[in-house]
Amino acid sequence: MNKIKIFSAVCLIAFSFCNAQKNAIVAHRGAWKKNNLPENSIASLRHAIDLKLPGSEFDVWRTADDSLVINHDAHYNKLLIEETNYVDLIKFKLSNGEKLPTLHEYISEGMRNNKHTLLVCEIKPSEISKERGQKTAVAAVETIKKLKANKNTCYISFDYDILKKIREIDSKTSLQYLEGNKSPKEVKADKINGVDYHYSVFQKHPEWIREAKDNKIILNAWTVNDAKDMDWIIAHKFNYITTNEPELLKERKEVKN
């Protein structure tokens with residue numbers, strides 16, 4: 001089987017999984033807002049799983065001493081993560097008393113008593129160099145494979161080269177691009193499974209919705225927090241909707257159904 005046929009089969013499997021549930025809810029940085037939990041914490045991940053949400057997103061950085069940690073911003077407690085050792089970062093606790101979680105700890109929790117929630121792993125572009133970002137991506141994939149969580153995880157990034165690097169080392173995993181500057185046909189040509197764009201990108205390019213569906217490219221939108229925007233995405237039958245308000249989105253879906 002040639003490479004094109006292999007990728008087509010992978011896309012079909014990934015799309016079929018997503019297509020099974022339209023407008024599936026992805027908790028952005030875990031389900032944190034309603035219960036005032038720290039974003040990207042073990043607690044917010046566990047709450048997303050307990051809510052049986054279809055997906056929970058989180059963000060990965062690599063420290064100066066090569067620890068993979070979960071945090072949204074490049075800085076943690078005013079320290080640049082990529083230039084700080086892990087032991088110095090964990091001196092500062094999250095608001096609920098947790099320490100800054102490692103990817104190993106986060107994925108381990110994500111695999112525990114979880115039969116519903118896809119782990120949506122965002123690899124953050126490096127603040128230092130493109131090459132460093134790609135090495136972080138490789139290390140993250142290796143960690144997730146060691147934990148036997150690769151079938152429960154998909155990868156997203158704003159850095160297109162990070163996704164292409166992941167594809168080089170894993171021909172099967174599901175990849176979604178975040179930046180919003182490439183058409184579904186373009187990402188398909190580079191063996192990327194999905195477009196995960198800010199909802200305003202799809203409002204500006206509504207033709208991309210049909211193009212994605214026609215090309216069996218996963219459709220995801222972020223970060224959809226307003227009921228009006230939720231209703232627009234729901235009406236267009238995306239595969240995923242990423243939100244800080246999973247409870248509200250669930251209500252809007254019930255109203256529309």
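Author: A salt bridge is a side-chain nitrogen of Lys or Arg within 4 Å of a carboxyl oxygen of Asp or Glu. In the whole structure, a search finds 19 salt bridges. The model is predicted: local features need pLDDT of at least 70, side-chain atom pairs count only at pLDDT 80 or more, and totals for chains, interfaces and linings use all residues. Residues are numbered from 1 along each chain as its sequence is written, and side-chain values use heavy atoms, with hydrogens and water left out.

Reader: What makes aspartate 231 and arginine 252 a salt bridge?

Author: Their closest N and O atoms are 2.9 Å apart, within the 4 Å limit. The pair links distant parts of the chain, with aspartate 231 in helix H10 and arginine 252 in helix H11, 21 residues apart. Helices here are DSSP runs (H or I, at least four residues) and strands likewise (E, at least two), numbered from the N terminus.

Reader: Why does aspartate 231 count as buried?

Author: Buried means under 20% relative accessible area, exposed over 50%, and partly exposed in between (1.4 Å probe, protein chains only). Aspartate 231 has 17% relative accessibility, so the residue counts as buried.

Reader: How do you know whether glutamate 131 is buried or exposed?

Author: Glutamate 131 has a relative accessible area of 52%, and is therefore exposed. Lysine 135, at 47%, is partly exposed. These two residues form a salt bridge, with the closest N and O atoms 3.7 Å apart. Being four residues apart in helix H5 (residues 130-146), they are separated by about one helical turn.

Reader: Why is the pair of tyrosine 197 and phenylalanine 202 called stacked?

Author: Rings of Phe, Tyr and Trp (its six-membered ring) pair if their centres lie within 6.5 Å; planes under 30 degrees apart count as stacked, over 60 as edge-to-face and the rest as tilted. The centres of tyrosine 197 and phenylalanine 202 are 5.6 Å apart and the planes stand at 25 degrees, so the pair is stacked. Tyrosine 197 is buried, with a relative accessible area of 0%, and phenylalanine 202 is buried, also with 0%.

Reader: What makes the pair of phenylalanine 202 and phenylalanine 238 edge-to-face?

Author: The angle between the planes is 90 degrees, at 4.9 Å centre to centre; the edge-to-face class begins over 60 degrees. Phenylalanine 202 lies in helix H8 (residues 199-204) and phenylalanine 238 in the loop between helix H10 (227-235) and strand S11 (240-243), so the pair ties together parts that are 36 residues apart in sequence.
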